[in-house]
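Reader: I am new to this structure and would like to know what stands behind the words used for it. Please show it, and then I will ask.

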Amino acid sequence: MTLQQKLERIGTALVDGVGNNVYHYWRPNIAAPFCVWAEDGETIPMDADNQKVEQAIVGYVDYYTKTEYDHMLDTVQDVLRGIAADMPFGWRLDSVQYEDDTNLIHYQWIWSVV
């Protein structure tokens, strides 16, 4: 699978599950809730015979909301779980924080895909 195919799979799955307020890298000036995702780089290199045999990509999904116990949290996790077969390193909820400057609750998941 190419890098582009791996990334498109993540983006498409998030849009299909979470809806239209899903953005890659950035978001327009809109009200919450919204989701931003991006690839962050390569994780454990998989090289053999002086060439890359597989590329594992790591990234994040950030979900911003003003709603305590937002039902979309489970949806984001369901999306990640749904593509977990191709994620040997899986995904995890990395942090939850309240942002005083925006009054938003910010959830972040880390994922990796091969």
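Author: Start with helix H2 (residues 72-82), which lies across E5, E6 and E7 and runs at about 5° to E7. The model is predicted: local features need pLDDT of at least 70, side-chain atom pairs count only at pLDDT 80 or more, and totals for chains, interfaces and linings use all residues. Residues are numbered from 1 along each chain as its sequence is written, and side-chain values use heavy atoms, with hydrogens and water left out.

Reader: What makes a stretch a helix or a strand, and how is an angle such as the one between H2 and E7 defined?

Author: Helices (H or I, at least four residues) and strands (E, at least two) are DSSP runs, numbered from the N terminus. Axes are lines fitted to C-alpha atoms, for helices over the stretch in contact, and angles run from 0 to 180 degrees between N-to-C directions. On that scale helix H1 runs at about 160° to E2, and H1 lies across E1, E2, strand E5 (57-65) and strand E7 (104-113).

Reader: How do H1 and H2 pack, and which residues make the contact?

Author: H1 (residues 3-18) and H2 pack at an angle of about 145°, their axes 9 Å apart. Contact means heavy atoms within 4.5 Å. On the H1 side the contact is made by Ala13, Leu14, Gly17 and Val18, and on the H2 side by Met72, Thr75, Val76 and Val79.

Reader: How do the residues of that contact divide into nonpolar, polar and charged?

Author: They divide into six nonpolar, two polar and no charged. Ala, Val, Leu, Ile, Met, Phe, Trp, Tyr, Cys and Pro count as nonpolar, Asp, Glu, Lys and Arg as charged, and the others, Gly among them, as polar.

Reader: What is the order of the strands in the sheet, and which are the edge strands?

Author: Five strands form an open sheet in the order E1-E2-E5-E7-E6, with mixed pairing. Strand E1 (22-24) and strand E6 (91-99) are the edge strands, since each pairs on one side only. The twist averages 20° from one strand to the next.

Reader: Why do E1 and E2 count as paired?

Author: Two strands pair if DSSP finds at least two bridges between them. E1 and strand E2 (residues 34-42) have three bridges, in the parallel sense, so they meet that condition. Histidine 24 has tryptophan 37 in E2 as its bridge partner.

Reader: How many bridges join E2 to E5, and how many join E5 to E7?

Author: Eight bridges join E2 to E5, which run antiparallel; there, phenylalanine 34 stands opposite tyrosine 64 in E5. E5 and E7 pair over nine bridges, also in the antiparallel sense, and glycine 59 stands opposite tryptophan 111 in E7.

Reader: What makes E5 largely enclosed?

Author: Seven of the nine residues of E5 are buried, so the rest of the structure largely encloses this strand. Buried means under 20% relative accessible area, exposed over 50%, and partly exposed in between (1.4 Å probe, protein chains only).

Reader: Is glutamine 108 buried or exposed?

Author: Glutamine 108 has a relative accessible area of 17%, so it counts as buried. Its place is in strand E7. Leaving aside neighbours within four places in sequence, glutamine 108 is in contact with residues including Tyr60, Arg92 and Asp94.

Reader: Why are lysine 6 and glutamate 54 called a salt bridge?

Author: A salt bridge is a side-chain nitrogen of Lys or Arg within 4 Å of a carboxyl oxygen of Asp or Glu. For lysine 6 and glutamate 54 the N to O distance is 3.1 Å, so the pair qualifies. Lysine 6 lies in helix H1 and glutamate 54 in strand E4 (residues 51-54), so the pair ties together parts that are 48 residues apart in sequence. Lysine 6 is buried at 2% relative accessibility, whereas glutamate 54 is partly exposed at 28%.

Reader: How many salt bridges are found in the whole structure?

Author: The search finds three. Aspartate 78 forms one with arginine 81, the closest N and O atoms being 2.7 Å apart; both lie in helix H2, three residues apart, about one turn of the helix. Arginine 92 forms one with aspartate 94, at 2.4 Å between the closest N and O atoms.

Reader: Why is asparagine 50 called exposed?

Author: Its relative accessible area is 86%, so asparagine 50 counts as exposed. Asparagine 50 lies in the loop between strand E3 (46-48) and E4, and has a positive phi of about 60° although it is not a glycine.
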